[in-house]
Amino acid sequence: MENQKDYNAAEATVTETDTELTVTVYKNKSHRLWLTVLLKIVAYAVLVLGAVLLVFPFLWMLLSSFKTGNEASLQFTFFPKQWVFENYKELFTGTDFPIFRALGNTVLIEVSVIIIGTFVSAMAAFSFAKLKLRHKTFWLLFLMSGMMVPYAALMLPQYRAFDAMHMTDTLWPLILPGFFGNVSMIFFLIQYMRGIPNAYFEAARIDGANHFTCFILIMLPLIKTAIAAQVIFWFVGIWNDYFAPSLYLTSRNRMTLQVLLGQLNAGTSGKYLPMALAGAVLSSIPMLVIYISCQKFFIESLAISGVKG
Amino acid sequence: MENTVNAATAESELSVPPQAPPKKKPRSRVEKRENLVAFLFILPPVVGFLIFTAISMGCTFVFSFQNYYVRRGTSEFVGFTHYVSLFSGMFKAGELGNAFIKSVGNTIFLLLSLPVSIIFGLVVAGLLRLGDVKGGKIFQILYYLPAVSSAVALNIVWRYIFQSNGLLNHMFGTGTPWLSDDMLLKVAIVLKNSLNATGGAMILLLAGMLNVSKELYEASSLDGAGKFKQFFAITLPMLTPVIFYLLITGLIGGLQSYADSQVFAKGDSGAATIVYFIWQQRTNGAAGYGIASSASVFLSVCIMIITLVQFKVSNKWVYEE
C-alpha cells in the first residue's frame, strides 16, 4: 500500500520537475518536447516487445499442446494444422504418465508440510518475538546460518540416511524436513509479531492463560494475513520444486507433478513432445491463477525484500 | 541481515523495562518456567536444523575424505585424494578431473545470464521511469510471470523453441544447432535465463529508484541536468545496493543450478553444472561418492565465502544511507 503511494508521489514529482524544466529553459522547449515524445515511443516499444517475448512461451506452450507428435517434432507450424485433444486425453486417461497420481502426491506434500510446518514456524516465531528466551540472538543466528548452506552439500548424507530407512522413492524425504519449520517464514513472522502490542498477552496471562493458549487463541488469529501471505509463497515453492523430488522419486506412481513433467520431457522421442507441453500447461494453470489473483502481493513483497536486503 | 537482527532484538529488549517489575530479583521460578517454555517453542526448528543441516553438513565433510563401498556398506579413509583428483584435470588430462573442471566452467559460463538480466532489468525499469509510462504495474506483472512458473515447464517449452526445426530457427531461416553444440547450448540457456530473470531485476530496481530521495532530482534539475544525466549521475549510483543484492542472490542461486542441465540440456555434458556433476558422480564406483562429497564441500565453501563477503562488502563500496 505504502509502496503504491510512494510510486505515485515519485511519479508526480518527476512530472513536476519536468514542467519546471520546460519553463526555465523555455528556449529549448520544442527540442525537449520532441525528446520526451521520442523517449515515450521508445519506452513503450521496448516494454511491449519485452512483454511479448516473456509471455509468448506460455502461448506457444498452449498452442503446441494441441499439435500431434509428428507435427510438433518433424515440421514447423505456427498454429496446429489440426487441433487434437489427444495429448490431454492421453494424460488424463493413460497409465504411462499418471498425472492425477502426481497431482495427488504434490497436494499431499503441500498440505502436510504447510499445515505442520507453518504451525511449528509460527510457534518458534512467537517465542522469539514475545517470550523471554535466553540467548535469543544466538538461537536466531544459529537457525539463520542454515540459509547459507546449499542443498547440494546436504543431499548426499540425507539420501543415504533415507535410503537406510527404506524411504527413498516415497514422499517422506520431501515431507519430513518440512515438519521442522521454515527459517525464512520464522524470520518474517517474528518481525510481524513484534508489531502486536504485549498488552494482549499480559491481560490473558493475568486471567490465567498459559503461553501456549496465548499463542493459539490470541496470536494466531491476529497474524492470519501474514501467515496466509507466507503460505502462498511456500505453496508456490513446493509446487515448482524439482531438484529434491527428482532425486528421491523414481517410480512414476510416486512422482510429483514436476518430476513427472521432467520424465515426459526426458522420454521424448517426438511423440511425447506435445504431451509434455500439455503437461506443462496443466501444471502451470494453478500457479497462474494464484499469481494473477495475488499479483500485487507477490510484486510488493519482492520489492520490499530488495530495499531491505 | 546480521545488523537487522541485532538491532531488532536490542529494540525489543529496550521495550521491556517499563513493564518489568521495579525490583530486580534473581531469576524467579516464573521466569525460569517462561524460559523453558520459550525454548520448547523453538525446539522443533532447532532439532530440524541439527539433523538436516548441521549433521548432514558434517557427514558430507567426513565422506569427502572416504571411499564408500555401497555393497558392503563400509568406508575407508583416503585423505585428500578426492580433492586432488577433482582439481587434477586443470594440470593433466584425467577424465574425472576434466569433467569437474568442465562443470565448473559451465556453471561460470551460465552465470553470464546474471549481468545480462540485470542490464535488461535496468533498461526496462529505466525506460518505465524516464518515459513516464502508464500501466507500469501491468508490465511488472507480465515480466515477473516466468519467475513464479515452474522451471521444468519453462525448460520444456524453451527447448521446443530452440530445437533444430523450432520456432527460432524457423523465424530467422537458420539451421543453428542450438541443442547439439556444446557452446550454443550454453548460449541458449544464458539467453532464456536472462529473459526469465529480467522481471525480478526490474521490480527490485524500480523499487530502488522510487527510494531515491526526490530532493536530489530537484536540486540537480535546478542545476540544469536533464533526465538522462540525472539517470546516470543520480539514479544509477544510488542503485548500487540493489544491483549488489541482485548479483549476490543470483550468484548463490546460479552456483546451485541443476534443472537447466537435467531438463533443458537433458544431461548433455556441454551444459553439466557442478550440482549435476555431484549427483552423477555419486554412483560412480567406490571413489565416486567421496568425490561427489568433496565437490559438495568445495561448492558450499564457495557459497559461504560469497555470503560472508556480502556482509562485509555491502557496507563499504555500496552506497547506503
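How many residues of chain B are in contact with chain A? In this predicted model, 92 residues of chain B are in contact with 90 residues of chain A. On the chain B side, the largest share comes from helix H2 of chain B, residues 29–63, which supplies 21 residues. The composition by class of that side of chain B is 58 nonpolar, 27 polar and seven charged residues.

Let me describe one helix pair in detail. Helix H7 of chain A, residues 155–164, packs against H2(B) at an angle of about 100°, and the two axes are 7 Å apart. H7(A) and H2(B) are therefore roughly perpendicular to each other. From H7(A), the residues taking part are A:Leu156, A:Pro157 and A:Gln158, and they meet B:Phe52, B:Ser56, B:Cys59, B:Thr60 and B:Phe63 in H2(B). Sorted by class, the residues of this contact comprise five nonpolar, three polar and no charged.

I turn now to the chains themselves. Chain A contains 16 helices and zero strands, while chain B contains 15 helices and two strands. Of the 309 residues in chain A, 35% are buried; for the 321 residues in chain B, the figure is 40%. Among contacts with a separation of 6 or more, residues 24 or more positions apart account for 71% in chain A and for 66% in chain B.

Which residues have the most contacts inside the largest nonpolar core? They are A:Ala125, A:Leu277, B:Val157 and B:Leu205, in a core of 144 residues. Helix H9 of chain B, residues 182–211, gives the most to this core, with 13 residues. Domain 1 (18–56) and domain 2 (97–266) of chain A both give residues to the core, so it lies between them. The centres of those two domains of chain A, taken over C-alpha atoms, are separated by 47 Å. To return to B:Leu205, its contacts beyond four places in sequence are B:Gly121, B:Leu122, B:Ala125, B:Leu239 and B:Val242.

Is B:Gln281 buried or exposed? B:Gln281 has 26 other C-beta atoms within 10 Å, and the threshold for burial is 20 or more, so this residue is buried. B:Gln281 lies in helix H14 of chain B, residues 274–281. Leaving aside neighbours within four places in sequence, B:Gln281 is in contact with B:Gly288, B:Ile291, B:Ala292 and B:Ala295.

Finally, two histidines of chain A call for a remark on backbone geometry. A:His135 has a positive phi of about 55° although it is not a glycine, and a positive phi of about 55° is also found at A:His166, again not a glycine. Where in chain A are they? A:His135 is in the loop between helix H5 (99–130) and helix H6 (136–144), and A:His166 is in the loop between H7 and helix H8 (172–175). A:His135 counts as exposed, with 11 C-beta neighbours inside 10 Å. A:His166, with 9 such neighbours, counts as exposed too.

Thank you for your attention.

Terms used:
Residues are numbered from 1 along each chain as its sequence is written. Chains are lettered from A and ligands numbered from 1 in the order in which they are written. This is a predicted model: local features need pLDDT of at least 70, side-chain atom pairs count only at pLDDT 80 or more; totals for chains, interfaces and linings use all residues. Two residues are in contact if their C-beta atoms, placed from the backbone, lie within 7 Å. Helices (H or I, at least four residues) and strands (E, at least two) are DSSP runs, numbered from the N terminus. Ala, Val, Leu, Ile, Met, Phe, Trp, Tyr, Cys and Pro count as nonpolar, Asp, Glu, Lys and Arg as charged, and the others, Gly among them, as polar. A nonpolar core is a set of buried Ala, Val, Leu, Ile, Met, Phe, Trp, Tyr and Cys residues joined through C-beta atoms within 7 Å. A residue is buried if 20 or more other C-beta atoms lie within 10 Å of its own, exposed if 12 or fewer, and partly exposed in between; C-beta atoms are placed from the backbone. Domain bounds come from an automatic or database domain assignment. Axes are lines fitted to C-alpha atoms, for helices over the stretch in contact, and angles run from 0 to 180 degrees between N-to-C directions. Angles under 35 degrees count as roughly parallel, over 145 as roughly antiparallel, 65 to 115 as roughly perpendicular and the rest as oblique.
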